[in-house]
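Reader: I would like to go through this structure with you and ask, point by point, what lies behind the words used for it.

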Amino acid sequence: MRLTPLPSTRRTYLHDSRAPRYSFTFALPLFVLYELLAAALSGASGGVRNGADVMIKAPFIALFGARGPLVFVAVLAGVVGVAVYRDVRKHGGIHGRMFIPMFAESLVLAVVFGTVVGAITTRLLGPMARLAMADQNLGAPATLMVSLGAGLYEELLFRVILVGALLWVGRTAFSWGPWASGLFATMAGAVIFSAFHYVGSYGDQFTMASFTFRTVAGLAFSGLYVLRGFGITAWTHALYDVLLLILRIG
């Protein structure tokens, strides 16, 4: 009898969890939860939404007016749907059990990132670190909504679009290898991500302390996206922000 060795579970998980059929599907609940909370809190929060959400949808609103957000959702659903469909046809179906370790990994990474980013920020800033890690007080429900939106829309804008573009620039324009391109995209993306938080009428007041904190967090999330893809990074970011909210409330 011929024995066939079992495939490496670790290798299969690490590969498949990055694939579109799992990565995008895993992020879908974030989209639903964020949009439901945003709709429910539209009156109480004064229409506050995550800044990356506003930035991504702005061109659609400029072109299509009040229907812009619906057009954006249709375009996003089409792009994601095609990517997932092609991946499913090439590599097989979606197994729900995969999402359990993906969520567990995201939760562990959120805790680790919170500890590591906090430790690095404290080491860099000393007594100013606690002030740097404080956000605007929007109230717990609105902050939860913005946190979920950060995981979804900030990762879509600053990792999928921005870091993806920077990776392309490194590889194509500068002919760098994967490591050099990844380092360039991670560092440049982190600085731009941090600077974004001070733009617009709802942007925070700039301080070097908060800029440093967000740059360190941006380095962590950009690096994670390069290594683990969109779904894991989106949930890690959302859970990371939710944990910060819980710590502030506690």
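Reader: What makes Arg 21 and Asp 16 a salt bridge?

Author: The model is predicted, so local features need pLDDT of at least 70 and side-chain atom pairs pLDDT 80 or more, while totals for chains, interfaces and linings use all residues. Residues are numbered from 1 along each chain as its sequence is written, and side-chain values use heavy atoms, with hydrogens and water left out. A salt bridge requires a side-chain nitrogen of Lys or Arg within 4 Å of a carboxyl oxygen of Asp or Glu; the closest N and O atoms of Arg 21 and Asp 16 are 3.4 Å apart, so the pair is called a salt bridge.

Reader: Why is Arg 21 called buried?

Author: Buried means under 20% relative accessible area, exposed over 50% and partly exposed in between, with a 1.4 Å probe and protein chains only; Arg 21 has 3% and is therefore buried. Asp 16, at 14%, is buried as well.

Reader: Which residues are linked with Arg 21 in a network of salt bridges?

Author: The network joins Arg 21 with Asp 16 and Asp 87, and the closest N and O atoms of Asp 87 and Arg 21 are 3.0 Å apart.

Reader: How do you know whether Arg 159 is buried or exposed?

Author: Its relative accessibility is 0%, so Arg 159 counts as buried. Its salt bridge partner is Glu 155, with the closest N and O atoms 2.8 Å apart.

Reader: Why is Val 108 called exposed?

Author: Val 108 has 52% relative accessibility and therefore counts as exposed.
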